[in-house]
Amino acid sequence: MTDKPVNIVLIGAGIMSATLGVLLRKLMPEAQITIFERLERVAAESSDPWNNAGTGHSAFCELNYTPMDDAGVVDVSKALEIAHSFEVSKELWAYLVESGAVPYETPFINSVPHMSVVWGDENVAFLKKRYEAMRAHPVFQDMQFSDERDQISQWAPLVMQGRQDNEAVAATRMDAGTDVNFGMITREMVAYLQRSGSVEVCLNHEVNGLTRGDDGGWQIEVENCASKESREVFADYVFIGAGGGTIKLLDMSGIDEAVGYAGFPISGHFLHCTNPDVIQQHSAKVYGKAEVGSPPMSVPHLDCRIIADERTLFFGPYAGFTTKFLKSGSYMDLPLSIEMHNVWPLLSAGMKNVDLAKYLIEQVTNSFEDRFKALLVYYPQANMDDWQELVAGQRVQIIKKDDNSGGELKFGTEIVCSADCSIAALLGASPGASTSVSIMLEVLAKMFPQKIASKEWQPAIRSMIPSYGELLLEDGDLCLATRARTSSILQLGARPGR
Ligand SMILES: Cc1cc2nc3c(=O)[nH]c(=O)nc-3n(C[C@H](O)[C@H](O)[C@H](O)COP(=O)(O)OP(=O)(O)OC[C@H]3O[C@@H](n4cnc5c(N)ncnc54)[C@H](O)[C@@H]3O)c2cc1C
C-alpha cells in the first residue's frame, strides 16, 4: 500500500516533535504534517512527567552549569545561555495559553523555588562566589544567598532537620524557579495540532526504514504495531525526534553527516515519597553537588513536583547502565547500533571515561538501601517506609568521532542535518525539554535557512516568541519584562503550585 506524498514527517511524539509541529503549523500552514509514534500514547518516553525530573532548567540551581577555574573565577556563560533558552520556552507556552490553543485549567508549569545547598567550607566559598557572579546579570538578580541555618531551615526544613550543628552550610534560592509537566504540555500541543486539521498523528506506528528517493525526498517505511501491517510514506522533509531511538534512524538514513556517531545509554531511577505529611513539608527543588566521576545529569536533587495539580516529592536521579536506548526499547539496542563507522569512536570514548564507567557499574549494583543512604545526605531524618523506587526515562548520550582523539562522549544536544536540509535529527538529552523551543528554532534554521530569514517567517515567529532575534540576556529590561509577561499569563507566583 502506498500513500500520496506528504510534506513533512516528524518521527516520535515527544516534546521535541510536538514543539516543532507547533512552529511549523504557524509558519507553513499549508504543509501536510504527519507524526509517527511507536507507542500508543503521546509523550510516553522521556517527556512523561514520571520519567524526568520536571525541572524548568534556568541554571538557577544546577551547579554543574557554573564551573570555577583554577584561579577561582566562576564562569556563568553556560548558565546564561540555558536561562535564556528557558525564557524563550516560556514565551511559546504563554503564546499557546493566551491564544487559547491549549487549555490551562490544570497548569503544566508551576512555581517551585530553585535552591542549591552545599556543605563544607570549600563548597560554601564556591557557592558565595557563584552567587556574586550570577547576581550581576538581570536574569539572576533576584537570587538570594544564606549561610544562616535558620534561614535555610525555613527555605527547606527537611534538608536541615537532624543535621550536625558544626557543619558549614550555605544555600541560594530563586523564587522564579519552576516545575514543568513536560508530558502535559506535549500532549496539549499534539492535541492542538490534531484539532488544526492539517496534522495527522499516527500512534502505534513505528518507523523502521528511511531511504532517500530519486527525487531527493524520503521514503519512509512504517509498521502499524497493532496490525503488523507495513506501508510506505513519502516526505519532502523529515525530522527525527525519536529520543533514544534517533541514533538508529539517523544511521538508517545513510546521510554522510551521520557517520561517526554512536550512542551511550544512561538509565535513570528516582525515589518517590508516598507520605503526604512529608510531601507537604518540602516546597522547593534542592540541588546539590555531583559526586566525583558521576555524569552531570545525575546531580542529586530533592524535588517538590506538581503533576496534574498533585504535589509530590522525588529524589534522584540515580544514573545507571542498561543497553536499552528507550525505556520501552530492547536490550539489543546498544549492540545492534555498533557498526564499522562508530566502533572506534565508541571504544575510544570508553577508554577516556573509565571514571564514568566505574561510577555507572557501581550504581547498577546499588540496592534500594544504598540508594536510600544517598537520600539521607539531603534529608537526614527520612524514613525508608515513606519511599518507593521509580524507573525513569533513558538518556542516550552522544559519542562523536574526533579526528584527533578517536571519539568523544558529549553530554549536550546536537542537531545533525543533511547537506540538502531535507532531514534533521536531534541527538542527546541535556539540558533537555526545558530548552525544546530554542532547539527546535535551531532545527528550523538548519532545515529552512532561507525561509527563517524571510519577511514572512520573521514576524510570524515574533508573534509567538516576541523576543525572537533580540539579545534577551544583554537587554536586562527586556529580559525582566519578558519574564513578567510570561509569568502573568502562565500564572506563576512565589508559591509552589497555585
Ligand atoms: C531521568 C531524566 C530526567 C530528566 N530531567 C529533566 C528535567 O528536569 N528537565 C528537563 O528539561 N529535561 C529533563 N530530562 C530530559 C527530557 O526528558 C528530554 O530531553 C525530553 O523529554 C526529550 O524529548 P524528545 O521529544 O526528544 O524524546 P522523547 O520524549 O523520548 O520522545 C521520543 C518519542 O519517539 C518515539 N520513537 C522512538 N523511536 C521511534 C520510531 N522508530 N518510530 C516512531 N516513534 C519512535 C518514542 O516512543 C518516544 O515517544 C530528563 C530526562 C531523563 C531521562
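I start with a term: a strand here is a DSSP run of E of at least two residues, numbered from the N terminus. By that count, Ile-307 sits in strand 14, residues 301-307. I note that the model is a predicted one.

**Entry: Ile-307**

I looked up how accessible Ile-307 is. Its relative accessibility is 9%, so Ile-307 counts as buried, the cut-off being under 20%. I then listed its contacts, leaving aside neighbours within four places in sequence. Ile-307 touches Pro-49, Trp-50, Asn-181, Thr-312 and Phe-314. I also checked one distance. Ile-307 and Lys-373 are 66 residues apart in sequence, and their C-alpha atoms are 26 Å apart.

**Entry: Arg-163**

Next I went to Arg-163. I found Arg-163 in the loop between helix 5 (157-160) and strand 6 (169-174). Which side chain of opposite charge is nearest to Arg-163? It is Glu-167, at 4.1 Å. Arg-163 is buried and has no salt bridge. I looked for another partner and found a backbone atom. The Arg-163 side chain reaches the backbone oxygen of Val-377 at 2.8 Å. Beyond its neighbours within four places in sequence, Arg-163 is in contact with Trp-119, Arg-149, Val-377, Tyr-378, Tyr-379 and Pro-380.

**Entry: Pro-380**

I followed that list to Pro-380. This residue is in the loop between helix 12 (368-378) and strand 16 (387-391). Pro-380 has 26% relative accessibility, so I put it down as partly exposed. I compared sequence and space for Pro-380 and Gly-162. They are 218 residues apart in sequence, but 6.0 Å apart from C-alpha to C-alpha. With neighbours within four places left out, Pro-380 contacts Leu-158, Val-159, Gln-161, Gly-162 and Arg-163.

**Entry: the cores**

I turned to the largest nonpolar core, which has 64 residues. Which members touch the most others? I noted Trp-93, Leu-96, Phe-108, Leu-444 and Ile-465. I opened up Trp-93 and set aside its neighbours within four places. Its contacts are Phe-86, Phe-108, Ile-109, Val-180, Phe-182, Ile-185, Ser-436, Val-437 and Leu-490. Apart from this core lies another, of 28 residues, including Val-9, Val-238, Ile-247 and Ala-258.

Terms used: Residues numbered from 1 in each chain as written. Predicted model: local features only at pLDDT ≥ 70, side-chain atom pairs only at ≥ 80, totals over all residues. Heavy atoms only, no water. Helix = DSSP H or I, 4+ residues; strand = E, 2+ residues; numbered from the N terminus. Buried < 20%, exposed > 50% of the residue type's maximum accessible area, 1.4 Å probe, protein only. Lys, Arg positive; Asp, Glu negative; His and termini not counted. Salt bridge = Lys/Arg side-chain N within 4 Å of Asp/Glu carboxyl O. Polar contact = N/O pair within 3.5 Å; in protein donor to acceptor, adjacent residues only side chain to side chain. Contact = heavy atoms within 4.5 Å. Core = buried A, V, L, I, M, F, W, Y, C linked by side-chain atoms within 4.5 Å.
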